[in-house]
Amino acid sequence: MSAVAKHNSIAKRKDGSLSREHFSLREFRLVAKLRFEGADDEEIVRRAVDENLFQYPTLSNAARMARTMLLRLSSLNDEGLVGLAARGPQERAAVINLYAMMRVYPLVREFMLQEIAPRFRTLDYSLTHADANAFITRYQVERRADAEPWTESTVKRIAGVLREALAGAGMLADTNSEELLPFFMDPALEDTFYRNGDQLWLAAFNVTEVL
């Protein structure tokens with residue numbers, strides 16, 4: 001299967017689900033650890049509920065979150081990255097999670113390519129809250145024209161998730177910051193982008209030379 005076909009075959013999450021699923025780095029790493037240790041998907045979902053793996057106040061969302069994290073991990077097509085997400089430094093795991101989200105949520109991918117990549121390329125490090133909200137508004141018009149518009153609260157939550165992902169990956173100092181930080185992509189992570197046919201996405205990680 002070609003890299004393009006492999007990417008197109010990945011199950012996608014609805015963009016609106018970002019408002020519930022968030023960046024969720026802790027959950028991502030916990031599920032990666034179980035998968036790295038050899039647990040299959042069914043066991044991971046069961047343990048998420050039976051053991052309250054995520055330590056949620058209620059268990060109603062535990063199974064759904066476990067499946068979401070498994071989808072993100074599977075989208076990577078790289079068990080080495082699963083191991084790194086499970087056992088590596090938190091900063092690397094956060095970048096891996098962001099990349100997985102780009103593969104699973106079209107909105108995250110378009111945000112990174114339309115908003116973040118051009119800023120790194122032009123050395124424009126300003127990223128205001130209004131910029132993120134404006135992107136989501138445009139995205140709805142361009143990609144969801146026939147769908148019911150998101151409520152203002154949903155837009156706000158999705159924008160918050162985008163900023164949370166950037167802060168987690170080290171591109172923002174924190175979720176309230178309005179200035180991108182210079183970002184250095186770990187060369188070891190770049191190879192996966194090439195293997196998956198996603199090398200053009202590297203521009204969103206401040207990689208300017210792509211073969």
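Helix H4 (residues 41-50) has three named buried residues, Ile44, Val45 and Ala48, where buried means under 20% relative accessible area, exposed over 50% and partly exposed in between (1.4 Å probe, protein chains only). They cover an arc of only 95 degrees around the axis, which puts them on the same side of H4; the arc is that of the directions from the helix axis to the C-beta atoms. This is a predicted model, in which local features need pLDDT of at least 70 and side-chain atom pairs count only at pLDDT 80 or more, while totals for chains, interfaces and linings use all residues. Residues are numbered from 1 along each chain as its sequence is written, and side-chain values use heavy atoms, with hydrogens and water left out. Helices (H or I, at least four residues) and strands (E, at least two) are DSSP runs, numbered from the N terminus.

**Helix H4 and its surroundings**

- The buried residues of H4 pack against helix H3 (25-36) and H5, contact meaning heavy atoms within 4.5 Å.
- Glu42 and Asp50 are exposed residues on the face of H4 turned away from its buried side.
- An α-helix has 3.6 residues a turn, so residues three or four places apart point the same way.

**The nonpolar core**

- The largest nonpolar core holds 71 residues, of which Met112, Met171 and Phe205 touch the most other members; such a core is a set of buried Ala, Val, Leu, Ile, Met, Phe, Trp, Tyr and Cys residues joined through side-chain atoms within 4.5 Å.
- Helix H7 (residues 90-104) gives the most to this core, contributing 10 residues.
- Not counting residues up to four places away in sequence, Phe205 touches Val95, Leu98, Met102, Met171, Phe183, Met185 and Phe193.
- In soluble globular proteins, nonpolar side chains tend to be buried together.

**Packing of H5 and H7**

- Helix H5 (residues 62-75) packs with H7 at an angle of about 95 degrees, and their axes are 8 Å apart; axes are lines fitted to C-alpha atoms, for helices over the stretch in contact, and angles run from 0 to 180 degrees between N-to-C directions.
- That angle makes H5 roughly perpendicular to H7, since angles under 35 degrees count as roughly parallel, over 145 as roughly antiparallel, 65 to 115 as roughly perpendicular and the rest as oblique.
- H5 makes the contact through Leu71, Arg72 and Ser75, and H7 through Asn97, Ala100, Met101, Arg103 and Val104.

**Helix H11**

- Leu189, Glu190, Thr192 and Phe193 are buried in helix H11 (residues 187-195).
- Seen down the axis of H11, the buried residues fall within an arc of 155 degrees, so they line one face of the helix.
- These buried residues of H11 pack against helix H6 (79-87) and H7.

**Two buried residues**

- Glu21 is found in helix H2 (residues 18-21) and counts as buried at 0% relative accessibility.
- Leu180 is found in the loop between helix H10 (152-169) and H11, and its 1% relative accessibility also counts as buried.

**Positive phi values**

- Most residues other than glycine have a negative phi, and most peptide bonds are trans.
- His22, in the loop between H2 and H3, has a positive phi of about 60 degrees although it is not a glycine.
- Asn77, in the loop between H5 and H6, has a positive phi of about 55 degrees although it is not a glycine.
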